[in-house]
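Colleague: I have the file open. Can we go through a few points?

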Amino acid sequence: MCAILFAFGCGAPNTPILGCDSSTLVAVQCGFQNPEDMVADPWGGGLVVSQMGSMDGSSPGNLLWLGLPDGHREVVFPVAHDDRRLWGARDCPPPDPVAFAPHGIDLEQRADGRWMLAAVNHGLRESVELFELIQTGKGVALEWRGCALGPENAYFNDVVLRRDGGFWVTHMMPRDGGTWAMVQSLFGRDLGFVYQWHHQLGFSKVRGSRGAFPNGLEKSADEQFLFVNLYMDNEVRKLDLSSGRVVASAAMASPDNSSWSDSGQLLVASQTAGLLGMMSCQDVPEGNCGNSYQIVALDSDDMSQRTLLDHRGGAPMGGVTVALEHDARLYLGTFAGDRIGTIAVEK
């Protein structure tokens, strides 16, 4: 595999960014664990952050509350909880709190008015965990409400909730495929797709979603379209759910996670260092990955794009996986590092 990877431009091992100095453009807060994805709470008090362990589930992580602007931090899961299976599959038991390893997360208001948070979990199983987000006097709390265990060989990445309590989730490739599956994806083999889950029907494949290493996922406000980030196809795909037809797409280097801006544009974190850069950051012992990235704004109608930030690598932060707009700032997360970055939003 190394010979194949060097043929695609493999360079020197990644040099992590040490220290916690901000730049004139990007301010950083340190002391996090791989803040790979994040959502803003609906009451405006702060962010829920997915602190990823490892994609193979061998290292645990947690869900963290980051209060803004004071910076208060509190782990909101795993915490002591009751087995209250109100949502998800009735036969899905609670996750092992010691092994819990979150990845992509999403937040949506259910038809009954309650706020549901979903988290992909790799710890000892491949599952989507469902929580109720509750406002407290000091911030927020998460109450586990159920889950859905993935099909055999499922390997999830990101999740988007439906208002009816179901969800869509990206399946990167067969979990037991190992290095060979990764190589096939590198060469554009369509081993991944999007699953949809419904409480009566369970898991099924979404038509038109097959591609090489599906990563981030978003939906339109009317739930008629999905925006699928195909990491190794270098493409963001707009998919009509009623027909399974790809109605538009945008070419982009290794698109990771997406989020909606306040103005209705799709903000995509593009890892311009590519797969090789990503792999070189897998074992950063301390500090933060220094890989180059872009933050790109997509028009959700015609998929035209505008680059908001083009970071060529190095300090103060690299390897960015998500950009989330909150209170006139973009918050940047990473899959390999100890910091969250912020930049001012230009109006």
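Colleague: Which side chain does the side chain of glutamine 51 make a polar contact with?
Modeller: That of asparagine 62, at 2.8 Å. A polar contact is a pair of N or O atoms within 3.5 Å, where within protein one must be able to donate a hydrogen and the other to accept it, and residues adjacent in sequence count only if both atoms are side-chain atoms. This is a predicted model, where local features need pLDDT of at least 70, side-chain atom pairs count only at pLDDT 80 or more, and totals for chains, interfaces and linings use all residues. Residues are numbered from 1 along each chain as its sequence is written, and side-chain values use heavy atoms, with hydrogens and water left out.

Colleague: Is glutamine 51 buried or exposed?
Modeller: Glutamine 51 counts as buried, because its relative accessibility is 6%. Buried means under 20% relative accessible area, with a 1.4 Å probe and protein chains only.

Colleague: Which strand does glutamine 51 lie in?
Modeller: Strand E3. Strands are DSSP runs of E, at least two residues, numbered from the N terminus.

Colleague: How many bridges join E3 to E4?
Modeller: Six, with E3 (residues 46-51) and E4 (residues 62-67) running antiparallel. Two strands pair if DSSP finds at least two bridges between them. Serine 50 has leucine 63 in E4 as its bridge partner.

Colleague: And what order do the strands of the open sheet have?
Modeller: E2-E3-E4-E5, four strands with antiparallel pairing. Strands E2 (35-40) and E5 (73-77) are at the edges with a single partner strand each, so one side of each has no neighbour in the sheet.

Methods. Buried means under 20% relative accessible area, exposed over 50%, partly exposed in between (1.4 Å probe, protein chains only).
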